Amino acid sequence: MEYRKLGESGLKISELSFGSWVTFVNQLNEKDAMSCMAYAYDKGVNFFDNAEAYAHGESEILMGDILKKLKWDRDTYIVSSKVFWGGDLPTQKGLSKKHIHDACNAALMRLKVDYLDLFFCHRPDPETPILESVYAMNDLLQQGKIMYWGTSEWSAQEINEAFLCAKKFNLRGPTMEQPQYNILCRERFENEYREIFKKYRIGSTIWSPLASGLLTGKYCNGVPKNSRFKVKGYEWLAQSMDSVDFNKINRINDLSKKINIKPSQLAILWCLKNKNVSSVILGASKLSQLKENLDSLNYLNLITDDIIEEINGY
Ligand SMILES: NC(=O)c1ccc[n+]([C@@H]2O[C@H](COP(=O)([O-])OP(=O)(O)OC[C@H]3O[C@@H](n4cnc5c(N)ncnc54)[C@H](OP(=O)(O)O)[C@@H]3O)[C@@H](O)[C@H]2O)c1
């Protein structure tokens, strides 16, 4: 495992990390989630991603229970939460100063830690002035409740505004962004953020490297049983299949066969080849998937510039 600097910060984050969206609680019980976290940690993963919204807070409770049981030293791992979707009431969502403070305190309780390493604004909130959110994050930094704050799926313009507010009032701007990035979803990361990466050197912890499993190739003949698109409450994901370029996925499958690795491994390594990526967050509903995905690091040398060029041409 290699460790990359998280943007301009001094924090070294593992290039592959592990997240809990959909899987924790819905697909992984405590025993299986613990096996995955322990395996990942043994392989050098140091970042575990979570959010107040995941399984309505239950995912953080589960991860917190596991962290307690595994008894890792607190200075050996990075754990995150995200604020935005905390509940149905007007005060329980968005990026107001109040909800940012409440969400942080609640995440600390659920994860059973004294501080969060990374705290993300899970989406932009058009109803709250960006300056208010930047101030709230700065407060939490000063209180030692979070180490770094970041954005998730903010536009380049919104990120730019956060930096301008921070500069004007001598506050800390975002250290990282958490966008979707994979072979099927490239526009924002590669084009819209181009100037942001150059100007502010922010880090990135990218999500859905396998496009929720599409890039494993297993959806090419329809939705398989026991897959994410069949998980109760996540059926909406299947709607995206109408616009998926399965031709591209088939070509990825063929290319991966040619170089003798799994399509999932090729898709993960393609993400890692982009130096603006600080960490690729893996998701897995089974330990066997996590093993296969972490194993991709053994094949990094197979991913030549020609291979990347070929994929980018599909
Ligand atoms: N900030 C945000 O807005 C945001 C949004 C989404 C995710 N995230 C973060 O990013 C993390 C990763 O995203 P993701 O879970 O969508 O990642 P992903 O890698 O695109 O999808 C993971 C899912 O694909 C399937 N899969 C993975 N490896 C496989 C393999 N080797 N063979 C067959 N199937 C495989 C599994 O689902 P099944 O077995 O159920 O099919 C697994 O749960 C999340 O856990 C979360 O922490 C953040």
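Reader: What radius of gyration does the protein chain have, and what would a compact globule have?
Author: This is a predicted model. With 314 residues, a compact globule would have a radius of gyration near 20 Å, and the protein chain has 19 Å, so the two agree.

Reader: And what does the C-alpha trace span along its principal axes?
Author: The span is about 55 × 45 × 35 Å.

Reader: How many helices and strands are there in the protein chain?
Author: The protein chain has 12 helices and 10 strands.

Reader: Let us turn to the ligand. How many residues surround the ligand, and which are the closest?
Author: The ligand is surrounded by 30 residues, the closest being Gly19, Trp207, Leu210, Gly213 and Gly283.

Reader: Which elements give two or more residues to that shell?
Author: Those elements are β10, residues 279-282, and α11. The element that gives the most to the shell around the ligand is α11, with 3 residues.

Reader: How does the shell divide by class?
Author: Around the ligand there are 17 polar, 8 nonpolar and 5 charged residues.

Reader: Staying with α11, at what angle do the axes of α10 and α11 cross?
Author: Helix α10, residues 263-272, and helix α11, residues 287-295, cross at roughly 50°, and their axes come within 8 Å. That angle is why α10 counts as oblique to α11.

Reader: Is the crossing left-handed or right-handed?
Author: The crossing of α10 with α11 is right-handed.

Reader: Which residues make the contact?
Author: From α10 they are Ser264, Gln265 and Ile268, and from α11 they are Glu292, Asn293 and Asp295. By class, this contact of α10 with α11 has 3 polar, 2 charged and 1 nonpolar residues.

Reader: Now a new pair, α2 and α3. How do their axes cross?
Author: The axes of α2, residues 58-70, and α3, residues 97-111, come within 7 Å and cross at roughly 45°. With that angle, α2 is therefore oblique to α3.

Reader: Which residues meet there?
Author: In α2, the residues Glu60, Ile61, Met63, Gly64 and Leu67 meet Ala107, Arg110 and Leu111 of α3.

Reader: What are the classes in that contact?
Author: The contact of α2 with α3 has 5 nonpolar, 2 charged and 1 polar residues.

Methods: Residues are numbered from 1 along each chain as its sequence is written. This is a predicted model: local features need pLDDT of at least 70, side-chain atom pairs count only at pLDDT 80 or more; totals for chains, interfaces and linings use all residues. Axes are lines fitted to C-alpha atoms, for helices over the stretch in contact, and angles run from 0 to 180 degrees between N-to-C directions. Helices (H or I, at least four residues) and strands (E, at least two) are DSSP runs, numbered from the N terminus. Angles under 35 degrees count as roughly parallel, over 145 as roughly antiparallel, 65 to 115 as roughly perpendicular and the rest as oblique. A crossing is left-handed if the near helix is turned anticlockwise from the far one by less than a right angle, and right-handed if clockwise. Two residues are in contact if their C-beta atoms, placed from the backbone, lie within 7 Å. Ala, Val, Leu, Ile, Met, Phe, Trp, Tyr, Cys and Pro count as nonpolar, Asp, Glu, Lys and Arg as charged, and the others, Gly among them, as polar. A residue is near a molecule or strand if its C-beta atom, placed from the backbone, lies within 6 Å of it. The radius of gyration is taken over C-alpha atoms; the globule rule is 2.2 Å times the number of residues to the power 0.38.
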